[in-house]
Amino acid sequence: MQNFTPISALLGGALIGFSAFLLLWFNGRIAGVSSIMSGLFTTQGANRHWRIAFLIGLMLGAASWQFFATEAITFRQNYPLPLMIVGGFLVGLGTRLGSGCTSGHGICGNALLSPRSMAATLTFMASGLLTVYLIRHIFHINA
Amino acid sequence: MMKLVLALIAGIIFGLGLSVSQMINPDKVLGFLDISGNWDPSLALVMAGALAVAIPGFKWVRRHDKPLLGSRFHITVKSLLDKPLISGAALFGIGWGMTGYCPGPAFASLSLGNQEAVIMVVSIYAGFWAAGFLNRN
């Protein structure tokens, strides 16, 4: 567990929770990124504009940290492209069918004590763990 | 107008949170999902930190009739567990495990000049489209 970073994890998590709190308190909206993303091309007017603003903010927040942090994150190179394409497709498909992702169900829905979100969170955690196990320890792909 | 400013600020704080916690790094996420390898429990603490703020925060917010800048809360709390919910979550988990990206970090990473993020976001939108197609038919 030498990669474990408990302090920054708790701190970053608290920021995400605070963001969700602000969005609900002021705008009455749920900070579920898959829903905000998918609505970008399916909504109109004010319902669309706040999504654009949030997503621009999301990029700005990440970019400013990467710019100012003393230790910028170095990203992996040459990860298998088919895994990215098929995996990305499944993330899009699954989050729409299941009405949420790590933020919508995992944080906001669970914070509302929604049984659906708890069931969804347990399910995607389980299938995620199983998938990584198969990829890394059975098929020995990449990492 | 204030709603847009608020959404922008919430997005910035969310993006900062993803960066501070390193959830923006797919290797970090896969390190959490790889329990039989060199396990990194950080992601569990990210969720714990977020819930520690959001659970009491949401509870307090919902004592109000409406949000500060809006006419109503856009919340649907259903209790019914159905097949689309579980199968959708299962498919999402498979894609998450294949890539190390969920939607938030994927979109946030678009600003980091990270080519993978572009591929990820385009593929996610293809998945959205497919889900919309399935729901229409």
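This is a predicted model: local features need pLDDT of at least 70, side-chain atom pairs count only at pLDDT 80 or more; totals for chains, interfaces and linings use all residues.
Colleague: Why is A:S99 called buried?

Modeller: A residue counts as buried if 20 or more other C-beta atoms lie within 10 Å of its own. A:S99 has 23 other C-beta atoms within 10 Å, and therefore A:S99 is buried. The residue lies in the loop between helix 4 (81–97) and helix 5 (104–111) of chain A.

Colleague: What makes the phi of A:S99 worth a remark?

Modeller: The phi of A:S99 is near 60 degrees, which is a positive value in a residue other than glycine.

Colleague: And in chain B, how do you know that B:Q22 is buried rather than exposed?

Modeller: The cut-off for a buried residue is 20 or more, whereas an exposed one has 12 or fewer. B:Q22 has 22 C-beta neighbours inside 10 Å, so B:Q22 counts as buried. B:Q22 lies in the loop between helix 1 (2–20) and helix 2 (26–33) of chain B, and it has a positive phi of about 65 degrees although it is not a glycine.

Colleague: Which residues of chain A does UniProt annotate as "transmembrane region", and what is the chain like over residues 49–67 and 79–98?

Modeller: The unreviewed UniProt entry gives that annotation to residues 6–28, 49–67, 79–98 and 119–139 of chain A. In the model, residues 49–67 of chain A are 100% helix and 0% strand, with end C-alpha atoms 27 Å apart. Residues 79–98 of chain A are 85% helix and 0% strand, and there the end C-alpha atoms are 27 Å apart.

Colleague: Which spans does the record list for chain B, and how much helix is found in residues 43–60 and 80–97?

Modeller: For chain B, the unreviewed UniProt entry lists residues 43–60, 80–97 and 117–134 as "transmembrane region". Residues 43–60 of chain B are 100% helix and 0% strand, with end C-alpha atoms 26 Å apart, while residues 80–97 of chain B are 83% helix and 0% strand, with end C-alpha atoms 27 Å apart.

Colleague: What makes up chain A as a whole?

Modeller: Chain A has six helices and zero strands, and buried residues make up 55% of its 143 residues.

Key: Residues are numbered from 1 along each chain as its sequence is written. Chains are lettered from A and ligands numbered from 1 in the order in which they are written. UniProt positions are given in the numbering used here, feature names are shortened, and annotations may be inferred rather than shown by experiment. Helices (H or I, at least four residues) and strands (E, at least two) are DSSP runs, numbered from the N terminus.
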